[in-house]
Amino acid sequence: MGLFSGAIKAGLAKKVVEQARKPQNQRKIKDLVANLTNKKGGGAPGGRGTGRV
């Protein structure tokens, strides 16, 4: 069962990479990343704070 699920995951990853190489999909990905960055508040890096105020 583990070998079968690994093969499915590898096939899915290959398909994702193939689709990401297409120019029209690259534009969609770039727009999506830009929208997500804007929603975060100007692209400020997230992460753990020090807890100091």
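**View 1. N25 in helix α2 of the predicted model.** N25 sits in helix α2, which spans residues 23–39, helices being DSSP runs of H or I with at least four residues and strands runs of E with at least two, numbered from the N terminus. Because its relative accessibility is 16%, N25 counts as buried, where buried means under 20% relative accessible area, exposed over 50% and partly exposed in between, with a 1.4 Å probe and protein chains only. The side chain of N25 reaches the backbone oxygen of Q19 at 2.9 Å.

**View 2. A20 in helix α1.** A20 belongs to helix α1, residues 2–20, and counts as partly exposed because its relative accessibility is 29%. Leaving aside neighbours within four places in sequence, A20 is in contact with Q26 and I29, contact meaning heavy atoms within 4.5 Å.

**View 3. The chain as a whole.** The chain holds two helices and zero strands, and buried residues make up 2% of its 53 residues.

Residues are numbered from 1 along each chain as its sequence is written, and side-chain values use heavy atoms, with hydrogens and water left out. In this predicted model, local features need pLDDT of at least 70 and side-chain atom pairs count only at pLDDT 80 or more, whereas totals for chains, interfaces and linings use all residues.

Key:
Polar contact = N/O pair within 3.5 Å; in protein donor to acceptor, adjacent residues only side chain to side chain.
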